[in-house]
Amino acid sequence: MTTPRPETLAKLTPVLTKRWLSPDAWRIGTYEKLDGYAALRKALKAHPDDLIQLVKDSGLRGRGGAGFPTGLKWGFIPQGDGKPHYLVVNADEGEPGTCKDLPLMTYDPHSLVEGVIIASYAIRANRAYIYIRGEAVHAARRLRNAVQEAYAKGYLGRNILGSGFDLELVVHSGAGAYICGEETALLDSLEGFRGQPRLRPPFPATHGLYASPTVVNNVGTIASVPYIVLGGAEWWKTMGTEKSSGPMIYSLSGRIVNPGQYECSMGITLRELLELAGGMQPGHNLKFWTPGGSSTPLLTAEHLDVPLDFESVAAAGSILGTTATQIFSDQDCPVYATYRWLEFYHHESCGKCTPCREGNYWMVRVYRRILSGQGTYEDLDTLLDTCDNILGRSFCGLGDGATSSVTSSLQYFKQDYLDYIEGRTAPKLSEKTLVGAH
Amino acid sequence: MTVFTEETRARAREIIARYPADRSRSALLPLLHLVQAEEGYVSPAGVEFCAEVLGLNKAQVGAVATFYTMYKRRPTGDYLVSVCTNTMCNVLGGQEVYDTLSEHLGVGHDETTADGKITLEHAECLAACDYGPVMTVNYDFFDNVDPQTAVGVVDELRAGGRPMPTRGARLCTLKEMAVQLAGFADEREGAVADGGPGEPSLRGLRLAQQHGISVPGFDPNTPIRSKAEAEKAAAEAKARAEAEKAKAEPAAPAVQAKGGDGASAPTGVETATPEQAAGSTTRDVKAPDDTSPQVRTAQTRQPDAATAVPDAPGTKVPSDPVPPAPRDAQEAEAAGAAANPPAGDGKPAGDEAGAQERNLKEAEAGKGATGTGPAVASETGGQK
C-alpha cells in the first residue's frame with residue numbers, strides 16, 4: 001500500500017474522533033483531562049443568545065443528512081413564550097451505510113452529553129432527551145453511564161456548576177424502527193406512540209415534543225458544539241468549505257482495502273478518500289457508490305472528483321446525506337444492490353402514506369421478477385413511474401429516499417437491467433430464495 | 001397469565017418518573033422493554049400491564065407494541081442472533097452467513113430453536129458497515145463474520161458457553177438485555193468497560209497520528225463574542241465582501257453560469273437525464289428547472305437558510321390562530337379511552353363477540369331513522 005500524498009493527508013481533521021484513541025475516554029475522569037467539560041464552564045459564563053450567535057457564525061450544519069444550519073434552527077425557538085423547551089438528540093442511526101454516531105457514543109459519550117448541556121442552555125431547555133436506536137446497546141450502556149457520572153459531578157441536575165441552570169437528561173432507547181430517525185416520527189415515538197411522521201408545518205421549532213418548542217439535532221451536530229465553544233467559530237471555519245464548514249466523519253465501507261471512519265475537512269473527494277483508505281481491494285474496480293447512505297442517489301467512477309460537501313454533491317445530482325460512503329465494485333450488481341435497499345424501505349415504511357407503503361411493496365416485487373430472470377421492458381417503465389409517484393408525494397423523506405437508488409441505477413446502469421431481462425445475466429434469485437422472502 | 005412482580009412494578013414507577021408528570025405515555029417504549037425483560041416477549045399480559053400502569057387501553061398499547069421490530073410477539077430464546085443482510089453486508093457475504101445459520105439451526109427468520117436457546121433473524125443495517133459482514137447476539141457485535149465463525153458462535157451458545165463479542169460487552173441473556181433497554185444501568189461488574197474500539201473506527205485517526213497531523217490553531221481560550229459584537233463583525237465582513245464583489249464584477253457572470261449548469265450535466269454524453277437513460281415514456285410533466293427530481297425534493301424537504309420557514313417566529317400562521325393546547329389532545333384521548341373500556345379478554349376494545357352483533361343491530365335500527373338511513377342502506381347493499 002502506498003502512503004497517501006501529504007496534501008491528501010492534510011485533509012484529515014481529527015476533532016470529534018480524536019478522543020477515540022484514548023481507551024478510557026468514556027470515563028469522566030479521562031474525559032476531563034482531555035479538555036472535557038471545559039467548554040461547558042466557558043459556555044455557562046456567556047449569554048445563551050451569544051452561544052446561538054456563535055453557532056450561527058461557525059456555519060455548523062446538521063450532521064444527520066439534511067445539513068440545516070444549526071444556529072438558525074436554535075434561533076427559531078421562541079424565547080420568553082412561557083412554554084417549556086426541549087432538546088432532543090437524534091441518535092437513531094440506521095440509514096444503511098451510516099456508522100459514525102455509534103462509535104462516537106461508545107468511545108466518547110461525554111462529548112455528546114456536554115454538547116447537550118450547552119445546547120440546552122442556549123435554547124433555554126430544562127429537559128433533554130437522547131433518543132438512541134434500540135439495537136445500539138453498547139453505545140447506550142456507555143451513554144447511560146456517562147449521564148450518571150455527569151449527574152454525580154454536578155454537570156447535570158439542579159443549578160449546574162452554580163449557574164442557576166437546571167437540566168434533566170434522559171437516554172431513551174428506541175425499539176427498532178428506522179422511521180424514527182425522521183424527526184417528527186421520533187417525537188411521536190418519544191411521546192409513546194407509533195413512530196409515524198407528522199405533517200409540517202407546524203415545525204418542531206414551535207410545536208415539537210409535547211407541542212412545545214423543540215430542537216432536534218443529530219449526535220454529530222451536538223457533539224461538535226463543545227469544540228466550537230472552545231476553539232471559536234473562526235477556527236471551526238478553517239476546516240471545510242465556505243458553505244459547508246468544519247470536519248465531517250466520512251464512513252467508508254465496501255470493496256476497499258481499509259474500510260473505516262475518516263474524519264476529514266468537508267469537501268474532500270472520493271478519490272482522496274480512497275487514497276487514505278488504501279484504494280480498492282485487489283481485483284475490484286469502482287463501479288458505483290453512495291455519497292451519504294442508501295437514500296442518496298448513486299454516483300459512479302465519473303464522480304471521483306466531486307467535492308463531498310452539501311453544495312457540490314447536490315450539483316452532481318445526489319445528496320451529501322450522512323457521508324456514509326458505500327463503495328461497490330464491478331463485481332457487485334447495481335440491480336441486486338438496489339433490490340436489497342428496496343427490501344429495506346419496504347420493511348421500514350411506516351405505512352402512514354400510500355405512495356411509500358404501496359410503492360415500495362410493488363417495486364420490491366418488480367425487482368424480484370427482474371432478478372429471477374422474468375423481467376420485461378415494461379418493468380423498467382413501471383419502476384420509473386412508481387418512483388415518480390413516490391418522490392415528493394410521500395409523507396416524509398423515507399419514500400423519497402427509496403426512489404434514489406432506483407432512478408439513479410436506471411440512469412447509470414440500465415444495461416445491467418437489460419442484461420437480466422434479455423437473459424445475458426444469470427438470474428440472481430431462484431424460486432428457492434424467493435420462498436419465505438419477507 | 002403472568003403476574004408481574006412487585007420489583008417490576010417498582011421499576012415501572014421508576015421509568016414513569018423519568019418523564020414529565022403529565023406526560024407519562026412517554027414511558028411506553030421503555031415499559032414494553034420492561035415487560036419483554038420479564039417474559040422474553042410482549043405477551044397479552046404485558047400489554048395489559050403497560051395499559052394499566054399508564055392508564056391507557058390495551059388497543060392503544062397493542063398498536064405501539066406491534067409497530068416496532070424489537071418487541072417480539074412470540075416467546076424468544078436466550079440469545080437473539082441477528083445477521084445483517086442489508087446491501088453492504090449482503091454483498092460482502094452476510095446472506096451466506098444467514099443461510100448457513102438458518103440451515104444449521106433448522107429455523108427461519110424470527111423462529112426459535114427447539115431447545116429454546118436461539119432465536120434467529122435477518123436484520124436490516126446494524127450501523128457497522130465498516131465491519132461488514134456483521135451479526136449481533138443480543139445486539140452486541142460479532143464483526144467480519146463468515147459462515148464458519150457464525151456457526152462456531154451459535155454452537156458455543158447452544159453448548160452453554162458465552163463467546164465474547166468482537167466489540168461490546170460480554171453476553172447476557174435477551175431478558176437481561178431488555179432491562180437495560182428499559183433504561184437501567186448494566187449492573188454487571190466491568191461490562192460497561194468491555195470492548196475497545198476496533199481498527200476500522202480508528203483508521204483515519206491512526207493515519208493522522210502516524211503522520212503527525214492535527215488541526216492547527218485550536219485555542220480553547222478563544223473568547224465567546226457577545227451577540228452585538230458578532231453582528232457588528234458580520235456587518236463589517238459583509239461590507240468588505242460587497243466592496244470586493246463590486247471590484248470583481250466583470251468576472252461574476254462566468255462563475256454563475258458554471259454553477260447553474262452543474263446540476264444538469266453530471267454524466268456527459270447520452271445519459272443526461274434519468275428519463276432519457278431509461279427510455280421511459282411515462283414522465284409527461286416537464287420539470288420546472290433542470291435540477292434532478294431528487295435534489296429538488298431534498299431542497300423542499302430540507303430547506304436551508306435561504307428558504308422561508310413557514311412558522312418561524314415572527315411570521316404569521318394564516319389559519320388556526322390559537323395553537324392547540326396539549327391538554328386538549330390529552331383530554332380528548334382520555335375521554336376516548338373512558339368511552340372504550342378494555343374488553344378484558346386480551347382483545348382490543350370493541351372486539352368482543354357481542355360487539356359486532358350490536359353494531360349490526362344499531363345499523364338496522366338506523367335504517368329507519370332520518371339522515372343516516374340511505375348511507376347505511378347503501379353500505380349494506382354494497383356488501384351483498
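User: Why are α15(A) and α16(A) called roughly antiparallel?

Analyst: In this predicted model, helix α15 (residues 354-371) of chain A and helix α16 (residues 377-390) of chain A pack at an angle of about 165 degrees. Angles over 145 degrees count as roughly antiparallel. Therefore α15(A) is roughly antiparallel to α16(A). Their axes are 10 Å apart, and the crossing is left-handed.

User: Which residues of α15(A) and α16(A) meet?

Analyst: On the α15(A) side, the residues include P355(A), G359(A), W362(A), M363(A) and V366(A). Among their counterparts in α16(A) are D379(A), T382(A), L383(A) and T386(A).

User: What makes β3 and β4 of chain A edge strands?

Analyst: The open sheet has 4 strands in the order β3-β2-β1-β4 (chain A), with parallel pairing. β3 (168-173) and β4 each pair on one side only, and are the edge strands. Neighbouring strands of this sheet are turned by 20 degrees against each other on average, direction ignored.

User: Which helices lie on or across these strands, and at what angles?

Analyst: Helix α7 (residues 109-123) of chain A lies across β1, β2, β3 and β4 of chain A, at about 150 degrees to β1(A). Helix α8 (residues 137-152) of chain A packs on the sheet and touches β2 and β3 of chain A. The direction of α8(A) makes about 165 degrees with that of β3(A).

User: Where are the cis peptide bonds at P201(A) and P202(A), and what is omega for each?

Analyst: One joins R200(A) and P201(A), with omega about -5 degrees. Another joins P201(A) and P202(A), with omega about 5 degrees. P201(A) sits in the loop between α9 (183-190) and α10 (204-207) of chain A. P202(A) lies in the loop between α9 and α10 of chain A as well.

User: Why is A127(B) called buried, and why is N144(B) called partly exposed?

Analyst: A127(B) has 27 other C-beta atoms within 10 Å. The cut-off is 20 or more, so A127(B) is buried. N144(B) has 16. That falls between 12 and 20, so N144(B) is partly exposed.

User: What is phi at A127(B) and at N144(B), and where do they lie?

Analyst: For A127(B), phi is near 60 degrees, a positive value in a residue other than glycine. A127(B) is in the loop between β3 (118-123) and β4 (135-137) of chain B. For N144(B), phi is near 45 degrees, again positive in a non-glycine residue. The loop of N144(B) runs between β5 (140-142) and α6 (147-158) of chain B.

Conventions:
Residues are numbered from 1 along each chain as its sequence is written. Chains are lettered from A and ligands numbered from 1 in the order in which they are written. This is a predicted model: local features need pLDDT of at least 70, side-chain atom pairs count only at pLDDT 80 or more; totals for chains, interfaces and linings use all residues. Two strands pair if DSSP finds at least two bridges between them. Helices (H or I, at least four residues) and strands (E, at least two) are DSSP runs, numbered from the N terminus. Axes are lines fitted to C-alpha atoms, for helices over the stretch in contact, and angles run from 0 to 180 degrees between N-to-C directions. Two residues are in contact if their C-beta atoms, placed from the backbone, lie within 7 Å. Angles under 35 degrees count as roughly parallel, over 145 as roughly antiparallel, 65 to 115 as roughly perpendicular and the rest as oblique. A crossing is left-handed if the near helix is turned anticlockwise from the far one by less than a right angle, and right-handed if clockwise.
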